[in-house]
Amino acid sequence: MYEIARNSTVRMITDQLRLWAPKVDYTEWDGHAENYKLPEKDLVGLLAFSCTENDRFHDLTFGIAIMTFNDPSLGRSTRYVNAFYNRLLGQSTYPIYSANGTLAGFNAVVFDGTSVSPMQRVDARPTVEINVSARLTRVTEKLPQSA
């Protein structure tokens, strides 16, 4: 479950980034080394993803780190943060996909409490992190409404 939950979370992020292509790239924040030279463009990526088995449920916690380049007024940063913040408000959902790319029959349902951390300076660039908690739940079909 960890692998498909993580990959589906990355997919949710990259789907959102298509709105701003090619000005922003996805990056694996947990995968870059200390001496990694950052490209001269805006970067958004998954940070500190965890999956916890909780009885029959799987609970996710993760961050989305947003780093902009040459954005002194923080206009782009603010737009990116606002879009992800609104996308991941409490009770919002995103689909979980199987390894082959088909829907797995689960959704990640975001808990109330999505938060934006204060601005940080990482590698001399402004960085903001959005913190999210979610639970995987089975997708249920809507019952037909009676006439």
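Leaving out neighbours within four places in sequence, serine 77 is in contact (heavy atoms within 4.5 Å) with Thr68, Asp71, Met119 and Val128. The residue sits in helix α2; helices here are DSSP runs of H or I with at least four residues, strands are runs of E with at least two, and both are numbered from the N terminus. Serine 77 counts as buried because its relative accessibility is 3%, where buried means under 20% relative accessible area, exposed over 50% and partly exposed in between, using a 1.4 Å probe and protein chains only. Isoleucine 13 lies 64 residues from serine 77 in sequence, and the two C-alpha atoms are 15 Å apart in space.

All of this comes from a predicted model, in which local features need pLDDT of at least 70 and side-chain atom pairs count only at pLDDT 80 or more, while totals for chains, interfaces and linings use all residues. Residues are numbered from 1 along each chain as its sequence is written, and side-chain values use heavy atoms, with hydrogens and water left out.

Taken as a whole, the protein chain has two helices and eight strands, in the order α-β-β-β-α-β-β-β-β-β along the sequence. Its C-alpha atoms fill a box of roughly 55 × 35 × 30 Å along the principal axes. Of the 147 residues, 37% count as buried. As for contacts with a separation of 6 or more, 53% are between residues 24 or more positions apart. Charges come to 15 positive and 16 negative side chains, with the centres of the two sets 7 Å apart; Lys and Arg count as positive, Asp and Glu as negative, and His and the chain ends are not counted. Each charge is placed at NZ of Lys, CZ of Arg, CG of Asp or CD of Glu.

On to the strands, which pair if DSSP finds at least two bridges between them. β3 has eight buried residues out of 11, so the rest of the structure largely encloses it. On one side of the pairing list, β2 runs antiparallel to β3 and is joined to it by 10 bridges, with leucine 47 partnered by glycine 63. These two strands make a hairpin with two residues between them, and aspartate 55 in the turn has a positive phi of about 60°. β3 also pairs with β8, again in the antiparallel sense and over 10 bridges; here histidine 58 stands opposite leucine 136. Leucine 136 is also the bridge partner of alanine 108, part of the antiparallel pairing in which five bridges join β5 to β8 (residues 125-138). β5 (residues 103-110) pairs with β4 (residues 93-97) as well, antiparallel over five bridges, and that hairpin has five residues between its strands, with glycine 101 in the turn at a positive phi of about 90°.

What about the inside? A nonpolar core is a set of buried Ala, Val, Leu, Ile, Met, Phe, Trp, Tyr and Cys residues joined through side-chain atoms within 4.5 Å. The largest one has 29 residues, and Leu60, Phe62, Ile64 and Phe84 make the most contacts inside it. At least two residues of this core come from each of α1 (2-17), β2 (42-54), β3 (57-67), α2 (75-87), β4, β5 and β8. Another core, of six residues, lies apart from it and includes Trp29, Leu43, Leu47 and Ala65. Leaving aside residues up to four places away, leucine 60 touches, among others, Ala5, Phe49, Tyr94, Ala108, Val132 and Leu136.
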